Every structure is written in structure tokens, then in C-alpha cells.
Amino acid sequence: MSFETGWRKCTWGDISTLEYGKALRDYKDKTSGYPVYGTNGLIGYTEKYLSDKPGVIIGRKGAYRGVHYSNRPFFVIDTAYYLSPKIPQLNLRWAYYSLRNIDINSMDSGSAIPSTSRSDFYSIEVDLPDIYEQQEIANLLSVLDDKIELNNAINKNLEEMAQALFNSWFVDFEFPNENGEPYKSSGGEFEESELGLIPKGWKQGTISELGEVAGGATPSKKNEDFYTVRGIPWITPKDLSKTNNKYISRGEIDITQKGFSNSSVKLLPKGTVLFSSRAPIGYIAIAKNEVTTNQGFKSVIPFKHVGSEFVYYLLKSNVETIECRASGSTFKEISGTEMKRVPVLIPTENVLAKFNEIVEPIGRLTQKCEEENEDLTQIRDTLLPKLMSGEIRVPVEQDHNHPDLPKVAESSAIYQP
Amino acid sequence: MATANIGFEEKLWSMADKLRGSMDAAEYKHVALGLLFLKYVSDAFEEKYEALKNEPYADPEDRDEYVAANIFWVPKEARWSYIKDNAKKPEIGQLIDNAMIAIEKENPTLKGVLPKDYARPALDKTRLGEVIDLFSFKVGDEESRSKDVLGRVYEYFLSKFASAEGKNGGEFYTPNSVVRLLVEMIQPFKGRVYDPCCGSGGMFVQSEKFVEEHQGRIGDIAVYGQESNPTTWKLCKMNLAIRGIDGNLGEHHADTFHNDLHKNLKADYILANPPFNISDWGGERLTEDARWTYGVPPAGNANYAWIQHIVNKLAPSGVAGFVLANGSMSTSTTAEFEIRSKLVNADLVDCIVTLPGQLFYSTQIPVCLWFIAKNKAPKGLRDRRGEILFIDARKMGHMVDRTHRELSTEDIRKIADTYHAWRGQAEAGQYEDVKGFCKAVKLAEVQEHEYILTPGRYVGIEDVEEDSEPFEDKMARLTSELAEQFAKSRQLEDEIRKRLGGIGFEF
């Protein structure tokens, strides 16, 4: 592809150098200070920085070598490089996006550990727009990234809130009484049970009293026409390992109607709480639509009055209890029978309904943010190559009265997770 | 302390590493440990020799003087000074072999045990000489002996070899902290101590140490062991000899299942770390054996054969503590389930401890400790019949390097104290169930759980630590953050709209 961009053709070696990271100790346990990057991104924090400016980190060693951007001074350990501009007219955030558009992992110096050599990197060609255009391109892409990050932060907040509410109501028994006052602190009545003192009217039960426990299966892998790109969603624990999302609609691969009929796969309704029963135990997600799963799940289809959100938080806070009931030495697995028998407290329907009233809209917002992030990611990834090649041009204001040029990079807002 | 640095282990290792060339780690181990052994006996001897020289009327060449002091008599040609003087000669290999032969001849307990192949051509004599030259520090004089320098170097070497050799190495090296925990728990003060798969003898050395620490007399313990691997068996002999422990390891190496060398033994204490889950133990040839009181163990896994062998070897008041893979606590194969249920019903299982993963050198396998007691209501202790103590120690220990975990002295004390308190040992304090850590469980409850012995089932989950942030404060913080995020969100939405509009995508 060639467009009349008028951009400067050069190589990364013409405009930048790669600087080695340095060995560092004791960064893993710290949670504050300057960010520390390795070949795959953020790995910890430390007191000192290696680069006193925001910048780009490029993986040096490892099968997967990423490209990362730090919006503040940072440290890089010795498995990675950081980019140091040779010319003043290089916007580092633009450089970051430009490098994201290159398959760094296909470059390999051929030593035992896959790695990127500096000379290979320096010879990569690049079309360099002027600094103003670089800045505008970077701004467009980063506003998308910022929104993605913000959505993640919102979801984290919502999750914490719902969890706090769950704990307050169902662990500390401070759910609102008839007068809307916290039950326990306002002298609510308690009864003796095997699980200790519980609020009057609640009972001790098992998971099977909250919903139907259902397993999954795998249609024969030998049969190619059992699998398809778009068919009936079929989810494995691996799919959940790759996402932090609370809601899921499908996994990497779907199954066909034929695959469905020729196996014991079970169709689970929307709102089913998926719970991985092995490898490992305890990935949890809520199905956004009808799904099926492989045998790595013991999912709970909540009874109507119980609600998906309640079951989701209940399972989440009981992962350890469930794990303890698992058997198997090398790979622990929880069986359907054991899952059904997990002891739980069953609140009154009234309290359950109130909880769902509050938490369901929170869940809907989380779902909206997750979906928005999928769209934003797609938009960004579709635009990225076109913006870098010049196929799509961003408008650049003609008025460049920036006395403080060259501007290397701008720090954008920081959303600390 | 296994990892506490005594300063020169690393140096010693890199020195010994010089020898590594054409030989594999298993072979090289004997070369390195043999030299270490020679240096040790020689140091002890030479120190005594010097002392005797300065003593009027004493003859430094009088053999009995040494025997009386529990020091190996070392003939002239085996003394380190002699070897060192000849270190640069091409025939040094032969000289060392001769030294070994001479020591064996003078000390019958070592017969056939010491390595004697230093003369073989494959061993680089120049390097061998260099190693001897560098070996200048003392390991066997009184001061080093009191600090157990040799023990620590030995242990360090064994563990290094275990790491270097991979899986097979791990078969005979039980990590120090696990041995210490076993020993602290069953307290083998006096009596017959037996290890049916003793490897290089780590369990005994620790037991002896324990006795010493408690001012008991070494002679109070009689040591019995058996080991099937011939080289490991020799290593064990050396290991015991060096520490002056007179152990009965049988006349030769032998398979514990098929050639029990201690047929009539009833041990007061059994300590063991049987190899995990071995599948080719020849069980199909042993379907009828007196030891299988509780059922025939499956031919495909020796775990339950080990358990029953141990139960069989226990004296009427005996206590056993041993390491098994976690699967042993919950396996549901018919044969194993049957044996386990019978062991529980016979009230033999005293205590089960699950340990954290990564304790072993060569495998990440998480393991558990089984404790079997023949008499659960002995004099002086609480009647704990019909009860099993479960301890979940999975969260204990700390990482000593990237892949290895170790239990600290405090961890070990906490676990041992819990067991002792439960047994009713007054000095250990009052026993109490601790959620998430330990629970004393009636047999009926274990039966309800289908005889599954996994502690996690019984001890429950530790109470979640009270959130340091009160609910109201937390919600106030989160909602105000959310308000900001919502505002920021609208701002970003506008900006995205504007920017995408700028490249022709209005919406």
C-alpha cells in the first residue's frame, strides 16, 4: 500500500535507540513507587526510575515480547528495552502505537531464548509524520485507550461496591430490616444453626437449594463439523482465564447443532453462573445468553427468586470452601455431587429481592462497560494500521504556536487500579 | 538451618564442581562426598594426633586413644597431610584409593562403603589435585564438629545433587524442614527408630540431632533402616559413620517389600518419606503378605503398601510419621478406599497434616504427613481414641528462592505444639480448634465424609480478616470515586465523538 502521505521514510534506527533495562531486586511485592516493566509489561514497583520521562518499553527476551507505554517515569528490568528518541520530533505515544502495529515477535535473533536484537529493530522502516500529526494520531488512539481503562476502573469500583454490600448483608448480617436499619446493629434476632448464629428466618442449606447445578461436555474433537466459528456458544475454563470480564457470551470456538445433539452438552440459560470445577477451580462468570460449557464447569442455574448476582457473589466468596471439597491429587476437581452439597446460608426471599434490586443495575452497568470496551478495542485495532499507514489522516490544527517544542510526550490522566 | 549460610558451601561446591566433566552428577557425587569424608576423618584424627603429641607419656600412634575418643583411626597413608603433599603427583588417584582401602580395613563398619575409583583414567588427575589443594579449611576438628560443619556441608551437597540430578535425586533427599517437622512431632527420644526407605539417612541424622539437643544420650536410640538403591545405601552408611551413629542398615541394600531385612522388628518410632506414587513396585507378586492386614494394596501404586508396611512394623505403643503424596488422603480406588476406611475404623490414624507445595527439591508435588499411633490412650497423655487431628499447613512456609519453599522454625513449632497440645502434653498448652488451621474430628464425622482425610474438609476456612475499612467509609469512598469516573466518562465520550468525527466517522 502506498499513499501520498508526504511522510518521512526512515528506519527506527534513524530516529531512536533502544536502551537496555537493568537488573532490579524486590520490585514484586511493592505496590507504590515508579512502575517497573519487563518483557510482558508491568511487573512491580520500585523507588527509583531508569527513564525520567514517560516512554515506550519493548520486550527483549521471551516468546512473547510486548510493547508498553508508561505515562510516567519508569524502570525497566533487563529482559526489556526502552526507547530513547534520537530526534526531537518524535512523539513517544505515537511511537508506542506505531510499534504496536509491528509484529515484534516475528523478529528473532535466533538464540536459544527468542529475543529481539537491536540491529533488527533499527532496520525496521517507518513512515514518520511530522510531530503535530504524530501528536494528533496519538491523541485519537489514546482517548480510546483512556476510555477502555476508565471503563475497567469503573467496573473495578462497581465490583468492590457489590462485594462490600454482599459482605455487609450476608456475612455481617447488616442488611436493612423493616425500618431500613442495619439488622444486626439494630438488635435483630438470631437463631442457632450448624453454621453458627444466623438471622431469624434464614436457614442453613446447600447450593442445590439456590439453583440447579449443571455440568458440561465436549463434543468429539475428531469430528470437525461439530465445531464452528459462530454456532452455539461453548465455553471452557481457558476462555475465562483470558478475560477479566464478569459476563460472557461465547468462548474461542462454538459448537454446531450437530455437535450439540451428538454429545451430552447441556444448554444453559442466560443468567447461569458458570463456575470452573477444575484447572483451576473458581473461575466465575455470568452467561449473557444461552451457552454450553465443557466438563470443566459445575455451573449454577439460579432459581428465579435467588438471582444470578446473588449466586455470583456467593460463589465468589466461597471459592476456598469449595476448593476444600475437591478431590484428586495432581489436578483438583470438584464433582457435581460435592458442588450441590456445599453448605450455604439461605436468606429470606425478601432480603434476596432487595439485594438484587440494588445489585442488578450495577451488574447491567458493568456489562455495558465490558461491551463498550469490546467495541472500543475493535475500533482502535481497526484504525491503528490505517492511521499508521496514512490511509486515514487526522486533521491537524494549523496553528502551531507551541513555544515549548519539542514536546516528547504528554502525560495523560492516570487511573490507578 | 538448611539455608543459613556457613560461608563456604558455595565455594566448596564450585570447587567440587571443577571435577565435573565427563561424569554425570550421580557418579561425581561419590567422588566429591568421598573426598569430603576423607578430609573429615583426617581432620578429627590429626587434631587428636597433635594433642597426643604434646601430652607426656601419650603415644600419638596408639590406636586405642582414638577409639576411646570416638574418632576414626586413620592410618598414615590415609592422612590428609600425606595426601596433600602428593596432590600434584600423577598417581594421586591411586593414593586416594589406597587411603580409602586403608580406612575401611581399620574400620569394619565402613567395609565396602567408601568409593575407591579415583584412579580411573576418566578422572582428570590435575583437577583432582587442584581440588585437594583448595581444600584447606577444617571440617573435622573439634570446633567444626561442634558446629556440625560437615553435616551442613553434606546436607548442602546432597541438596545440590538433588537439584542437579532432577527427579531421581529427590527420591532420596527429604528437605530438612520436613524432616525436622516429623521429628519434632513424634519426638523419638529413645527406643528403636526405623526408616523403611532410609535413602541417605537424613531422618536418622535429624533424630540424633534431636536427641542431642535434648541432652539425651546417643546410645538411647537404636537405628534401623533399609534402602534399595545400592549407591544410596553406601551414602547412608558413610553419613551415619561420620556422625558416629551405629545403625543397622542390613547387610546390603534390598527392596523393603520383597526382601524385608528387619522381619521381626517392632519399632517405637518410624520416620519415612517413601517415594511418591510408585507404580512398579511388584505388587502383583505380593498379593498374599502378612503385612496386608487391612487389604491388598493395588499393584499400580505403592502408597498403601508403604502405609501398611509401616503399621505392621510399629510396636504396640509405637508412633509413625511419614510423608505421602496428597492423593493418599482422598483416593477412591476400591482397594485404597477399603484400606483407608479400615485404618480409620481401627483408630490407627492419629493426625494428618497438609503441607504447602514446592517444599521438595525436584518436584512441585504438594505432600501431606500421616501420623499413625498404635495406642491412642497411652499413660501420661490424653485419651484421644476415636479422634483424628487435622492440620492444614498449606499457607505456611516462605520462599527461599524462586522455586523452593521452606518451613520456618516458628512454623514447625506451631504445628508440633498443636499436635502435642492435642495429645495432652501439658508443656504445649491447651489445645483448641482453630478455623482454617486445625480441628480435632470424631471418627463419625470422618466416616460421614467417606473417609476422606483431607484436612481442608474439616478445618474450614479461616475467618476473613475484618476489612480494615468500615463498610460506610468504603461505600462513601467508592461512590465519590464513581462520581468522578462518571464525569470523566462523559468527557471522554465527547472527546471520542469529536476525534472520530474528525476522521469522518460522525455518530
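Modeller: Two packed helices are described by the angle between their axes and the distance between the axes. In this predicted model, helix H4 (residues 131-170) of chain A packs against helix H7 (residues 308-317) of chain A at an angle of about 80°, and their axes are 11 Å apart. Axes are lines fitted to C-alpha atoms, for helices over the stretch in contact, with angles from 0 to 180 degrees between N-to-C directions; helices are DSSP runs (H or I, at least four residues) numbered from the N terminus.

Colleague: Are H4(A) and H7(A) roughly parallel or roughly perpendicular to each other?

Modeller: H4(A) and H7(A) are therefore roughly perpendicular. Angles of 65 to 115 degrees count as such, under 35 as roughly parallel, over 145 as roughly antiparallel and the rest as oblique.

Colleague: Which residues make the contact?

Modeller: Contact means heavy atoms within 4.5 Å. H4(A) contributes A:Glu159, A:Ala162, A:Gln163, A:Phe166 and A:Phe170, while H7(A) contributes A:Phe310, A:Tyr312, A:Tyr313, A:Leu314, A:Lys316 and A:Ser317. Seven of these residues are nonpolar, two polar and two charged (Ala, Val, Leu, Ile, Met, Phe, Trp, Tyr, Cys and Pro count as nonpolar, Asp, Glu, Lys and Arg as charged, and the others, Gly among them, as polar).

Colleague: At what angle do H5 and H6 of chain B pack?

Modeller: Helix H5 (residues 92-106) and helix H6 (residues 125-134) of chain B pack at about 60°, with axes 9 Å apart. That makes H5(B) oblique to H6(B). Here B:Ile92, B:Gly93 and B:Ile96 of H5(B) meet B:Lys125, B:Leu128 and B:Ile132 of H6(B).

Colleague: How many residues of chain B are in contact with chain A, and what area is buried between the two chains?

Modeller: Buried area is the accessible area (1.4 Å probe) that two parts lose on being put together, summed over both. Between chain B and chain A it is about 2900 Å², with 67% given by carbon and sulfur atoms. In this interface, 30 residues of chain B are in contact with 38 residues of chain A.

Colleague: How many salt bridges are counted between the chains?

Modeller: A salt bridge is a side-chain nitrogen of Lys or Arg within 4 Å of a carboxyl oxygen of Asp or Glu. The count between chain B and chain A is five. A salt bridge joins the side chains of A:Glu338 and B:Arg457 (3.4 Å, N to O).

Technical notes
Residues numbered from 1 in each chain as written. Chains lettered and ligands numbered in written order. Predicted model: local features only at pLDDT ≥ 70, side-chain atom pairs only at ≥ 80, totals over all residues. Heavy atoms only, no water. Helix = DSSP H or I, 4+ residues; strand = E, 2+ residues; numbered from the N terminus.
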